[in-house]
Amino acid sequence: MNKEKTIDELNTLVEINNDRIKGYETASEHTREEELHELFSELKRTSQQCRHQLISEISHLDGEAAEGTNTSGKFFRSWMDIKSALAGEDRKAILDSCQEGEEQADKTYQSVLDDSSGHLNSDQIAMIKAQHELLKADQNKIRRLHEAMTAVS
């Protein structure tokens with residue numbers, strides 16, 4: 001097992017969770033709807049929990065946890081800022097951006113799992129799979145809200 005590769009992969013997931021945290025803080029700032037504030041707080045807590053587990057595992061490996069975000073996440077947050085400003089805090093625009101961010105998180109987790117052979121142990125893989133399931137559940141919440149809003153329109 002390549003310890004540095006393991007730490008790099010875990011840090012990739014720390015970064016995507018940092019992206020989600022920042023993204024949902026931004027989304028929350030751009031809506032006045034209490035329902036969305038509550039949802040975004042819940043989704044942010046999911047990533048805080050995942051990030052905490054990942055950082056704990058990185059520390060166990062004597063590694064340094066990433067503190068920043070990744071480039072695609074910065075793009076996601078910038079796009080959310082622009083769309084929200086142009087849409088005048090439009091619910092659909094905010095949910096569209098959230099869906100895009102969730103798709104990026106899903107792809108990142110899937111990529112780490114697909115490339116895990118040889119550098120992640122079975123406990124690490126189990127943790128990442130469990131986190132991936134939590135993020136998929138969050139993604140489904142966004143999707144259901146978006147679909148319900150579209151059905152009403």
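The secondary structure of the protein comes to five helices and zero strands. The model is predicted. From the N terminus on, the order of elements reads α-α-α-α-α. Of the 153 residues in the protein, 46% are buried. The accessible surface amounts to about 8000 Å². Carbon and sulfur atoms hold 48% of that surface. Contacts were also sorted by sequence separation. Among those with a separation of 6 or more, 80% join residues 24 or more positions apart.

Helix H2 was examined in detail. Helix H2 covers residues 34–60. At 1.5 Å a residue, its 27 residues should span 39 Å. Asp62 follows H2, and its phi is positive, near 60 degrees.

The buried residues of H2 are listed next. They are Leu36, Leu39, Phe40, Leu43, Thr46, Ser47, Cys50, Leu54, Glu57 and Ile58.

The pairing of H2 with H5 was then considered. Helix H5 spans residues 122–152. The two helices pack at an angle of about 170 degrees, and their axes lie 11 Å apart. Angles over 145 degrees count as roughly antiparallel. H2 and H5 are therefore roughly antiparallel to each other. By class, their contact has eleven nonpolar, six polar and five charged residues.

Leu135 is located in helix H5. Its relative accessible area is 3%. Buried means under 20%, so Leu135 is buried. Leaving aside residues up to four places away in sequence, Leu135 touches Asn17, Arg20, Thr46, Ser47, Glu102, Ala105 and Tyr109. Leu135 and Thr46 are 89 residues apart in sequence. In space, the pair is 7.6 Å apart, C-alpha to C-alpha.

Terms used. Residues are numbered from 1 along each chain as its sequence is written. This is a predicted model: local features need pLDDT of at least 70, side-chain atom pairs count only at pLDDT 80 or more; totals for chains, interfaces and linings use all residues. Side-chain values use heavy atoms; hydrogens and water are left out. Axes are lines fitted to C-alpha atoms, for helices over the stretch in contact, and angles run from 0 to 180 degrees between N-to-C directions. Helices (H or I, at least four residues) and strands (E, at least two) are DSSP runs, numbered from the N terminus. Angles under 35 degrees count as roughly parallel, over 145 as roughly antiparallel, 65 to 115 as roughly perpendicular and the rest as oblique. Ala, Val, Leu, Ile, Met, Phe, Trp, Tyr, Cys and Pro count as nonpolar, Asp, Glu, Lys and Arg as charged, and the others, Gly among them, as polar. The expected span of a helix is 1.5 Å times one less than its number of residues. Buried means under 20% relative accessible area, exposed over 50%, partly exposed in between (1.4 Å probe, protein chains only). Contact means heavy atoms within 4.5 Å. Accessible areas come from the Shrake-Rupley method with a 1.4 Å probe; for residues, only the protein chains shown count as cover.
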